[in-house]
Structures are given as structure tokens and as C-alpha cells.
Amino acid sequence: MNETNGLVDGLLSIAGIFNLYAIFWLIIGGFALWGGAQGLSNLSQRLMEKIPARRFLILQISTLLTFALYIFGTVGLFIAVLQPPKELLFAAAGSVAVALGFALKDIAASLVAGILLLFDRPFRVGDRVSFGDTYGEIVSIGLRTVRLVTLDDNLVTIPNSRFITDVVASGNAGELDMMVVTDFHLALDADLAEAQKLIEEVVVTSRYAYLKKPVVFTLEEVEIAHVLAIRLRVKAYVLDVRYEKAFQSDIVLRGTALLAQHDIARPKPLQAL
């Protein structure tokens, strides 16, 4: 019975806070906060027009100030107008803390994962990694996120927590050199030994090749566009991961020209047979 009476008294005290006078000033204060945010937005727009080179910095600062204005302004407005009892403030603070805990659980998981990455070191800054459909070079490993730059020069930010549960493949694992795989497709009646010799010549004469590691060839019969062909796969190492695509392009460009020069048969579409 006492608990019920206490609950009723608490509800009555909360209801007593929201009188017409308090509601009026809350509405006025809300419009004032909205007006201040609009003025801040207009000021940032003018600054970005006058200093276009700093528009991203101005926009970031403006966004932070707007959030701060709404959060601290709202809290200050409620305390100044309603003047709630200390018990209500403590209860509200506890509820906010619980809500923040749920909202920040993903960030906390990423922070813990970042610490694990620092000790486990599945990859390092400068590594070429594949993560899902994203492939690129790791440029930073932070406590919360990993950033990598794709071959199209896009900066991708990935939460650390995803690296704990998902599969990530590192192409060079901290080394400067890295294996580059390039495929050539030949006709079934092509001179495979001659083709392999020509491609090997292209690889070992490339200025991007790292020849302290072996050049490996594999041959396999495959189907391309409903046509049987021989896939000649060359596995060679590039001397620096930064030249990965330049190395592969060099092999394809000179290799294709050399195969054509020596009349090495290539697969042809069915209608051309």
C-alpha cells in the first residue's frame, strides 16, 4: 500500500511540474533553440561560400555545435523551467545512462576488437587485403575502425568488430612483395609449351617483377562462353604492392602481343569456328 501511495505521489509531483506556465516557456525555449540552430546553419553556409577550401571543416564544426546546442540547450531548458526534484533528475540520469549503454554497445565492441587486432595482428598498415567485396590497401588501424583505400581510390572505413567475426585475406602479410595471378586463355590445339615459354619471358623481363621468388605456371581446361579452352595461369611476385595492377597490365599487354606475334591459337567464339 505504501509503495502504491509513493508511486501516486511521484506521478502527481511530475504532473504538477507541467503547468501552463511551464509549458508556455518550454514552447518559447524550443523555438529559441530552433532559431539558434537555424542561425548557426546560415552562418556556416556563408562561411563555406567565403572559404570553400575549408567547407568540410566548417560543416563538421557546425554539425557538432548544432548537436551541442540541442542537447545542452534542451537539458538546461527543462531544468531551468521545470525545476524538477533531485530524485527525478537522478532517475532521468540513470535512464539516459542505460539508453547510452545500449546505443554505444557497437562502439564498445569495436574498441575491444581494436585492442585484439593490435595484439593478434592479422594484417598491418600497407597490406593489401580482401574483406567481403572490398579489396584495397590498409592505411590506418585505429581503436574503433580500420581504413583502407581501394584500387579506385575510395576510402573505406570498416568497424573493427567485423574483423573478429568475418574472414579477411591478406595478400602480402606485412611483406613488400606480393603474388600477382594473371590468366591467359588458349585454344585446345595451341602450342602450350611455347606459350608458357613466351609468357615466362614477359614476366622475367618486366621491371615490376620480383625474381627472388619463383614464377609458377598452371594449366587447366576450362569452359569460356560455352567454348572449351586451356587456361594458362601465371603466378609471379611484384616487387612492391603499389605496382600490383601495373605489373598485371604489363604482363597482359606484352604477353598478348607476343602470343599473337608467334601465332599461338586463342579460343574463338562458336560462330567463328
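Select F131 first: this residue stands opposite T134 in β2, and four bridges join β1 to β2, two strands that run antiparallel. Residues are numbered from 1 along each chain as its sequence is written, and the model is a predicted one, in which local features need pLDDT of at least 70 and side-chain atom pairs count only at pLDDT 80 or more, while totals for chains, interfaces and linings use all residues. Side-chain values use heavy atoms, with hydrogens and water left out. Helices (H or I, at least four residues) and strands (E, at least two) are DSSP runs, numbered from the N terminus.

**The five-stranded sheet**

Five strands form an open sheet in the order β4-β3-β2-β1-β5, with antiparallel pairing, where two strands pair if DSSP finds at least two bridges between them. The edge strands to colour are β4 (155-159) and β5 (168-170), each of which pairs on one side only. From one strand to the next, the twist averages 40°; axes here are lines fitted to C-alpha atoms, for helices over the stretch in contact, and angles run from 0 to 180 degrees between N-to-C directions.

**The aromatic pairs**

Now show the aromatic side chains, among which the structure holds three pairs. Rings of Phe, Tyr and Trp (its six-membered ring) pair if their centres lie within 6.5 Å, and planes under 30 degrees apart count as stacked, over 60 as edge-to-face and the rest as tilted. The rings of F131 and F163 have centres 4.6 Å apart and planes at 40°, so this pair is tilted. It links distant parts of the chain, with F131 in strand β1 and F163 in helix α6 (residues 160-165), 32 residues apart. F131 counts as buried at 5% relative accessibility, and F163 counts as buried at 7%, where buried means under 20% relative accessible area, exposed over 50% and partly exposed in between (1.4 Å probe, protein chains only).

Y208 lies in the loop between α7 and β7 (216-224) and Y243 in the loop between β8 and α8, so the pair ties together parts that are 35 residues apart in sequence. Y208 is buried, with a relative accessible area of 15%, whereas Y243 counts as partly exposed at 32% relative accessibility.

Nine bridges join β6 to β8, and the bridge partner of F184 in β8 is L232.

Look along α7 itself, whose buried residues are A195, L198, I199, V202 and V203. Seen down the axis, these fall within an arc of 140°, so they line one face of the helix, the arc being that of the directions from the helix axis to the C-beta atoms. On the other side of α7, A193 and K197 are exposed.

**Helix α8**

Finish at helix α8 (residues 244-261), which has 18 residues and reaches 26 Å from its first C-alpha to its last, close to the 26 Å expected at 1.5 Å a residue; the expected span is 1.5 Å times one less than the number of residues. Its buried residues are E244, F247, D250, I251, G255, L258 and L259, and they cover an arc of only 140° around the axis, which puts them on the same side of α8. The face turned away from that buried side carries the exposed residues L253, A260 and Q261.

Within α8, pick E244, which counts as buried at 9% relative accessibility. Not counting residues up to four places away in sequence, E244 touches R128, Y135, M178, V180 and V238. The last stop is D263, which follows α8 and has a positive phi, near 55°.

Conventions:
Contact = heavy atoms within 4.5 Å.
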